[in-house]
Amino acid sequence: MATTTLEISKSAGMARIKKAILPYVYLLPAFVVMSVITFYPLIYQVIISFTDFQTKDLLKQLASPNLNYIGVKNYVDIVTGGLPVQNFEFFRVLTYNIWWAVTNVLVHVPAGVLIAVLLNTQGLWGKKIYRALYVLPVVIPPIVVGTVWKNIFDEQYGAMNQFLTAVVHLFGTADPVRIRWLTEYTPPIPWLLPNGPLTLAYYAMMIANFWLGWPFMTLVATGALQSIPKDLYEAASIDGASGSQQFWNITVPLLRPAMIPAAMYGFTMSFNLFNFVFFMSGGGPARSTEILVTFAYDLVRNLRLYGAAAAFSVIVFFVALIVFLVTNRITRATEAYTEA
Amino acid sequence: MTSVTYENVVKKFGEMTAVDNINFHVDDKEFLVLVGPSGCGKTTALRLLAGLEEISSGEIKIGDRVVNDVAPKDRDIAMVFQSYALYPHLSVYDNMAFGLKLRKVNKDEIKRRVTEAADVLGITDLLQRKPRQLSGGQRQRVAVGRAIVREPKVFLFDEPLSNLDAKLRVQMRAEISKLHQRLQTTFIYVTHDQTEAMTMATRIAVINKGKLQQIDTPQNLYDHPGNLFVAGFIGSPAMNFFPGKLRKDGDKIVVDTGDFVVPIPAAKAAPYKPHTDKDIIFGIRPENIHDADFVPPNIDAEKVAVKVDVTELMGNEIFLYLVSGKNTFVARVDPRSKLRVGQQAQVMFDMDNFHIFDASTEEAIR
Ligand SMILES: Nc1ncnc2c1ncn2[C@@H]1O[C@H](COP(=O)(O)OP(=O)(O)O)[C@@H](O)[C@H]1O
Ligand SMILES: [Mg+2]
């Protein structure tokens, strides 16, 4: 009796160990692939961030006789402005980057919600068509969007200036409008971001990125709206809530659990929106719309400062990590109101 | 004085008529239950009163005021929804206070009313919780509490107990009745459950297919159903029906079902005389069919030969499922009955308590 119990528990123990190991066996191939394509470059990059790696070292890489280990000099140079690069102050770019992401989200989320609420009106004609239409910007690559909007804001031939010209013509002015949207450096509102001016390009890019950003928010809000039970509005209308009171007291709080993660996602998207920024303004004028990732690219492509670029990428990695942790935390802290 | 009046009320959804020309009057402080099978239009009738649906034609009055074009919030009503419709992001306290805050009632008054209602409903401990942290029964109380604090002139309930388990339902039934006595206001209560209707209502309105069938006190509905539908709907187990004919047999009038013939007592025969040879439906409730060995004294009992198909022992009574020719029916007999499955036997129909309906109009003949 006693022995059989023991044997059973022994073999059960074996089975348990097997069960614990098995998942790792399955993960092994993926781990091998990731080592080659992810971990190796990552570690390599950290190593060269401590060197003065330049074009001359490309051939022999780490074995290059000219390669010097310079400790944290690259990091110090980046933060203190010691890089041989014009118009670059790390903290200004960082502030602008955060500002850029925050202001985009602050515009996209309310606009997305508002449009979702309007399109959700009962008995609205052609609902399905609108829904198909606003998915379009979500599926068009940001490169295309950036290029198209760059053309729209072209000083001479852009649709925006032509449109404005047509408008001022109505008021009797004959001069064509020639606003240098993407190249004018003098800021229209100098005090708005004290750490560095917001050029016209910023506003132009806000407009263009709005086109890119709101549909996703509308998509999420539409889904969330449909999950709000209709009888809550009925109960509220009997309780005495007007349309706008229902919006603020029911719609907004019940959309919150869906919109906060969406906003966090939007924030990280805008924060790292390389394609769009690179193709629309290239970070200009005078790096005023540069974000961290476009600057990292510039360090390699134009300035060939591989070591500094590597160090910069490591910094960006940590910034992104912090952004991720913070947004993740905010997202999880937003409890869902739905049934547990 | 808060009465409620439905006058020729019609509600159509497209081609579909959900409420078909309903007329009734609910007196002040009455507990009216609208009862009927699922999909008969009860909820729609209630929502019309609440102002959540627009009336297609007719008038609804609360007191003397026609409310057809009055917004829900200005009708001085409160409603308890079947789903409870609690605001999921607000605490129990805030759920109850919501309507009062919107009406700019001052803070102390809100607090007084909410704590008082919570006290009455026994949910004082739950005031800080969110709805998702409550059981079904607790949510139901909060929904009632939200209605009470508003101190409305009319309370509307839409199947408030249908999401609760059987035991809790019985308990809440009693509590809602108590609440009605305590508040002394008009209650209009929708349910598909005739037991709920019978136990709570001062009057019941039976609805079928959008039409009002009959409105009366529970006892009168039970004793004098106006038509076949009401007769079958009110009472559990349901009344037994036997299609048949009224025939003259000498100086008596008899019910002939083809399988058995029972004479109508002379004292009751008068209303049926004009209907001889008509197709009718004979109805008798299960408790008015007795085991021949246990017939109560002084009733006008008639023998019917049957075969016992199924027996259900309930402890204080026995349900017998009986077969007589092509008819199967239920009897609710004395628990001492010795009748067993498969047995050929005689049961006694109490001919002081029967119902006869015109087979074509389904109206009661009486
Ligand atoms: N908003 C609506 N649109 C179309 N048909 C409806 C609507 N509401 C209810 N109905 C229909 O009206 C009938 C009565 O519904 P309802 O009043 O909810 O029934 P009950 O509450 O008695 O179960 C049903 O056939 C239902 O399908
Ligand atoms: Mg209903």
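## Basis of the description

The model is predicted, and local features are reported only at pLDDT of at least 70, side-chain atom pairs count only at pLDDT 80 or more, and totals for chains, interfaces and linings use all residues. Residues are numbered from 1 along each chain as its sequence is written, chains are lettered from A and ligands numbered from 1 in the order in which they are written, and side-chain values use heavy atoms, with hydrogens and water left out.

## The two domains of chain B

Chain B is split into domain 1, covering 4-233, and domain 2, covering 240-358, with bounds that come from an automatic or database domain assignment. Taken over C-alpha atoms, the centres of domain 1 of chain B and domain 2 of chain B are 39 Å apart. Where the domains are in contact, 8 residues come from domain 1 of chain B and 6 residues from domain 2 of chain B, contact being defined as heavy atoms within 4.5 Å.

The size of an interface is often given as the accessible area lost when the parts come together. Between domain 1 of chain B and domain 2 of chain B the buried area is about 630 Å², and carbon and sulfur atoms give 63% of it; buried area here is the accessible area (1.4 Å probe) that two parts lose on being put together, summed over both. On the side of domain 1 of chain B, the residues that lose the most area to domain 2 of chain B are Y222(B), L228(B) and A231(B), which together make up 74% of what that side buries. The count of salt bridges between these domains is 0, a salt bridge being a side-chain nitrogen of Lys or Arg within 4 Å of a carboxyl oxygen of Asp or Glu. The rule does find 2 residue pairs in polar contact across this interface, both residues being at pLDDT 80 or more. A polar contact is a pair of N or O atoms within 3.5 Å; within protein, one must be able to donate a hydrogen and the other to accept it, and residues adjacent in sequence count only if both atoms are side-chain atoms.

## The interface between chain B and chain A

In the interface between the chains, 24 residues of chain B are in contact with 22 residues of chain A. The area buried between chain B and chain A is about 2,000 Å², with 58% given by carbon and sulfur atoms. In chain B, H89(B), L102(B) and R132(B) lose the most area to chain A, and together they account for 31% of what that side buries.

Chain B and chain A are joined by 2 salt bridges, and one of these pairs the side chains of R47(B) and E234(A), with a distance of 2.7 Å from N to O. The count of residue pairs in polar contact between the chains is 9, both residues being at pLDDT 80 or more. The elements of chain B that give two or more residues to the side touching chain A are α1 (42-50), β6 (77-80), α2 (92-102) and α4 (136-149), where helices (H or I, at least four residues) and strands (E, at least two) are DSSP runs numbered from the N terminus. By class, that side of chain B has 13 nonpolar, 3 polar and 8 charged residues; Ala, Val, Leu, Ile, Met, Phe, Trp, Tyr, Cys and Pro count as nonpolar, Asp, Glu, Lys and Arg as charged, and the others, Gly among them, as polar.

## Individual residues

A269(B) lies in the loop between β13 (261-263) and β14 (279-284) of chain B, and A269(B) is buried, with a relative accessible area of 7%. Buried means under 20% relative accessible area, exposed over 50%, and partly exposed in between (1.4 Å probe, protein chains only). Not counting residues up to four places away in sequence, A269(B) touches I253(B) and I264(B). In chain A, T327(A) is part of helix α12 (residues 306-333) and counts as buried at 8% relative accessibility. A polar atom of the side chain of T327(A) lies 2.9 Å from the backbone oxygen of F324(A).

Some backbone features of chain B can also be located. The peptide bond from S236(B) to P237(B) is cis, with omega near 0°, and P237(B) is placed in the loop between α8 and β11 (240-249). N8(B), in strand β1 (residues 4-13) of chain B, has a positive phi of about 50° although it is not a glycine, and N8(B) is partly exposed, with a relative accessible area of 43%.
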